[in-house]
Amino acid sequence: MKQPVLLDVMMGDNFICQLRYNKRGFPQMVDGKVVEVHKESDLKAFVESQRPSLIGKDYHVELSNQSVFSKC
């Protein structure tokens with residue numbers, strides 16, 4: 001089974017929370033390799049479905065390499 005993508009939700013330089021995104025990306029050829037690419041609009045829609053308080057606010061989503069153990 002594929003590992004989930006970890007998303008760090010940030011507002012400015014402040015960490016808000018981390019979410020696990022389990023949907024598969026779209027295959028795309030990058031530098032001669034096929035990789036999964038996720039649309040930013042899909043990621044934002046997912047974040048807003050999980051955290052409705054962020055709708056209309058100025059936040060950004062970053063892909064994370066490490067898991068945060070606290071729940072948000």
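Predicted model: local features only at pLDDT ≥ 70, side-chain atom pairs only at ≥ 80, totals over all residues.
**Stop 1: the core.** Select V5, L7, V9, C17, L19, Y21, L43, F46, V47, L54 and Y59, and show their side chains. Together these eleven residues form the largest nonpolar core. Now colour β1 (5-11), β2 (14-21) and α1 (40-50), the elements that each contribute two or more residues to this core.

**Stop 2: L19.** Centre on L19 and ignore its neighbours within four places in sequence. The contacts that remain are V5, L6, L7, V9, F46, V47, Q50 and R51.

**Stop 3: β1 and its partners.** Select β1 next. Six of its seven residues are buried, so this strand is largely enclosed by the rest of the structure.

Then bring in β5 (residues 60-63), another antiparallel partner of β1, with four bridges. Here L7 stands opposite L63.

**Stop 4: S64.** Step into the segment after β5 to find S64. Is this serine, S64, buried or exposed? Its relative accessibility is 16%, under the 20% cut-off, so S64 counts as buried. Draw a distance between the side chains of S64 and Q18 to see a polar contact of 3.2 Å. Beyond its neighbours within four places in sequence, S64 is in contact with L6, D8 and Q18.

Methods. Residues numbered from 1 in each chain as written. Heavy atoms only, no water. Core = buried A, V, L, I, M, F, W, Y, C linked by side-chain atoms within 4.5 Å. Buried < 20%, exposed > 50% of the residue type's maximum accessible area, 1.4 Å probe, protein only. Contact = heavy atoms within 4.5 Å. Pairing = 2+ DSSP bridges. Polar contact = N/O pair within 3.5 Å; in protein donor to acceptor, adjacent residues only side chain to side chain.
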